[in-house]
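Have the viewer open as you read.

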Amino acid sequence: MPELPEVEAARSVVEQHGLRRRIVEVDDSDSFVCRPHQPGEIRAALVGGTLVSAQRRGKSMWCEALGPGSAVTLGIHLGMSGKIVVADPDGTETDGGDYWEGRRQLGDYSWARFTITFEDGGRLMLVDPRRLGRVRLDPPVDRLGPDAQTMTPAEFRTALTSGGSTAVKARLLDQHRIAGIGNLLADEVLWRARLHPATAVRDLSPAQTTKLLRSIRTAIAAAFRGGGVHTLTVVPHRHPGGTCPRDHAPMTTGTVGGRTSWWCSAEQLLPQN
């Protein structure tokens with residue numbers, strides 16, 4: 001499932017290979033992926049124009065475009081399994097997003113849900129087997145919290161303020177508070193910080209808050225180096241019979257914040273009040 005590092009990889013593909021190429025065709029016929037727009041509405045806004053920037057906050061990305069009539073904003077959300085693929089006429093292909101473990105073969109665009117065709121014959125596609133991605137004009141990115149990669153300590157403290165009895169994992173997953181942390185990344189962050197996912201935000205000490213922010217930063221950096229969240233340290237151990245890679249104690253699972261969560265049974269203990 002694409003999280004911040006995977007979405008940044010997709011954004012980078014658009015920035016490096018999709019900007020300032022004249023758009024001559026758009027396939028926006030998938031009315032589920034392109035909701036609430038009618039087929040042809042996004043096409044009319046883009047054909048004859050160019051994408052001029054690719055931006056991201058958290059797990060959401062968008063492109064500023066100069067359309068045939070005016071500037072428009074094209075929002076692209078990868079959903080649970082989407083990736084951006086740029087394919088050029090010479091067969092060159094670049095992609096970024098969900099890693100899929102090699103399930104898509106070169107030149108296979110059968111799962112393309114949205115396609116931009118450039119004047120030079122190249123194409124930019126949202127390829128998404130689960131069809132849970134989203135393409136829309138004027139996405140509401142202002143509703144998102146600060147980006148998890150770049151937020152300041154003050155922004156992080158504000159995100160935790162008034163959390164009360166809210167579980168720390170639930171707060172990390174709240175995109176309106178902090179944008180970019182998904183389920184796998186949250187488990188890695190909390191494992192690095194040695195915090196139980198159900199710890200109430202109000203019970204975090206200043207030292208724990210500082211360590212939690214440091215863990216967010218180091219986990220995201222490690223995911224960038226490794227090529228995605230799936231390469232992080234604790235993620236491969238999130239399964240029945242799994243053991244903590246730090247102390248080899250059994251991993252424990254439960255539902256926290258509505259999501260399946262995993263934590264070390266020895267080091268990530270719930271505070272006793």
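Let's begin with Arg 131, which counts as partly exposed because its relative accessibility is 34%, a value between the limits of 20% for buried and 50% for exposed. Please keep in mind that this is a predicted model. Arg 131 sits in the loop that joins S8 to S9. Its backbone deserves a look too: phi of Arg 131 is positive, about 60°, although the residue is not a glycine.

Asp 138 can be read alongside it. This residue also has a positive phi without being a glycine, here near 50°. Asp 138 belongs to the loop between S9 and helix H3 (153-160). With a relative accessible area of 54%, Asp 138 is exposed, since the cut-off for that class is over 50%.

A glycine joins the list in the hairpin of S7 and S8, where four residues lie between the strands and Gly 121 has a positive phi near 95°. Another backbone detail is found at Arg 35 and Pro 36: the peptide bond from the former to the latter is cis, with omega near 10°. Pro 36 lies in the loop between S1 and helix H2 (41-46).

| Site | Angle | Value |
|---|---|---|
| Arg 131 | phi | about 60° |
| Asp 138 | phi | near 50° |
| Gly 121 | phi | near 95° |
| Arg 35 to Pro 36 | omega | near 10° |

S8 (residues 123-127) pairs with S7 (residues 112-118) in the antiparallel sense over five bridges. Along this pairing, Thr 115 stands opposite Met 125, and Ile 116 stands opposite Leu 124. S8 also pairs with S5, again antiparallel and over five bridges, and there Ala 87 stands opposite Arg 123. Is S8 mostly covered or mostly open? S8 is mostly covered, with four of its five residues buried.

In general, rolling a probe the size of a water molecule over the atoms shows where empty space is left. The largest pocket has a volume of about 540 Å³. Which residues of its lining are closest to the centre? Of the 26 lining residues, these are Ser 60, His 77, Arg 134, Pro 140 and Leu 144. Strand S3 (60-66), strand S4 (71-77) and strand S9 (134-137) each supply at least two residues of the lining.

Note on methods
Residues numbered from 1 in each chain as written. Predicted model: local features only at pLDDT ≥ 70, side-chain atom pairs only at ≥ 80, totals over all residues. Heavy atoms only, no water. Pairing = 2+ DSSP bridges. 1 Å grid on protein atoms, 1.4 Å probe; cavity = no way out; pocket = protein on both sides within 12 Å on 5 of 7 lines; lining within 4 Å. Points joined across faces, edges and corners; volume = space filled by probe spheres on them. Buried < 20%, exposed > 50% of the residue type's maximum accessible area, 1.4 Å probe, protein only.
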